[in-house]
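Here is a short report on one protein chain. Keep the sequence and the 3D view side by side as you read.

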Amino acid sequence: MRTSPICLVTGAAGFVGSHLVDRLVDRGWRVIGLDNFLLGRRENVADAVKSGLCTLIEADVNQIESYTAIVRDLAKDSPIDMVWHMAANSDIKAGTTDPDVDLRHTFLTTYNTLKVMRSLGCRSLAFASSSAIYGPHDNELTEDAGPLRPISNYGAMKLASEAVITAALETWLERAWVFRFPNVVGSRATHGVIFDFFRKLRGNPQELEVLGDGRQAKPYLHVRELLDAMLLAWDRASGRFNCFNIGPASGVTTVEYIAKAVVAKVAPNARIRYTGGSQGWPGDVPRFAYSIDRIRSLGWTPKLTSNQAVDLAVDELAAEMRQ
Ligand SMILES: NC(=O)c1ccc[n+]([C@@H]2O[C@H](COP(=O)([O-])OP(=O)(O)OC[C@H]3O[C@@H](n4cnc5c(N)ncnc54)[C@H](O)[C@@H]3O)[C@@H](O)[C@H]2O)c1
């Protein structure tokens, strides 16, 4: 008799993926983690692997033949109940100069994951989508907001990923959870504005260069709260297509706030230099606000405001950098 679900996590050794693996293992799930180690790190999932419940495999989701063979072999005795698809390009700027990056790592990873799932008869998928699918809007964004006009290749390929998921629901996929993340922060980050500021100040403790005018303002969510929300939605939302914005308890945080917090933590004498302009780079949505009423209606209550999530993440990254 099966005692606990078996799942596949793509991008398992990355920032969000590794925290997800830890939480699934805590629940007693058996996890097969795949990562090509583009940004993922083995040490992120070392404890999960030690628990005996997680198998970590180096694989590229876009090498469809080896991906299928690996998963088929692992699933031969016990079928995989669901897939948590986290693998993607997470460097939005990189997709601006080379759109193939997002075609390959953001879209094709989803397309190929669906293909493998279909061939194995695995019919439940949870997907890490993004606020980037919405593009610039002045109003508070609900899940049904539109028209959707992403302004980055990353956002476009996340939106295309959502579209192939809903198309699969029409024919063979039974259930999908699509989570639209804001900026997620916390320990093990592999990228993002806080991570970038730490890296820049390590290179030059005298000056922090900030892209844009510092007034870009977006919601930031701590990774622990993101996972609380995703797991609660998985437990409680049982529609065919379950789509949720996930965000902090309230507020948005400016880039200026983040710059000052990181400077205060690691280089109090550093000067902050803004490059100017309302956007950090082409494709950057400078400000947006989310409605999270839908996931709140399931009973989820985030505890941290956007600024509190940033403060906690700054402390966590500072501690990690000292190690
Ligand atoms: N962190 C955020 O602020 C944020 C916001 C919105 C959406 N997301 C989404 O959440 C997911 C996780 O992001 P993250 O922040 O943990 O980024 P991350 O880069 O730390 O994690 C992605 C992981 O996927 C792996 N990967 C990439 N391409 C792969 C491939 N072809 N085959 C196998 N592995 C591959 C990378 O090595 C990495 O470990 C991504 O889908 C990302 O787009 C993240």
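## Terms and model

Two strands pair if DSSP finds at least two bridges between them. Strands (E, at least two residues) and helices (H or I, at least four) are DSSP runs, numbered from the N terminus.

This is a predicted model: local features need pLDDT of at least 70, side-chain atom pairs count only at pLDDT 80 or more, and totals for chains, interfaces and linings use all residues. Residues are numbered from 1 along each chain as its sequence is written.

## Strand β2 and its partners

Strand β1 (residues 6-10) pairs with β2 in the parallel sense, over five bridges. Here Thr10 has Leu34 of β2 as its bridge partner. β1, α1 and β2 form a right-handed β-α-β unit. Right-handed means that, with the strands pointing away from the viewer, the path from the first strand over the helix to the second runs clockwise.

β2 also pairs with strand β3 (residues 54-58), again parallel and over five bridges. Ile32 stands opposite Thr55 in β3.

## Burial of β2

In β2 (residues 30-35), six of six residues are buried. Buried means that 20 or more other C-beta atoms, placed from the backbone, lie within 10 Å of the residue's own. In a regular strand, side chains alternate between the two faces of the sheet. Arg30, Ile32 and Leu34 are buried on one side, and Val31, Gly33 and Asp35 on the other.

## Two domains

Domain 1 covers 6-182 + 222-245, and domain 2 covers 185-218 + 250-322. These bounds come from an automatic or database domain assignment. The C-alpha centres of the two domains lie 24 Å apart.

Methods
Buried ≥ 20, exposed ≤ 12 C-beta atoms within 10 Å, placed from the backbone.
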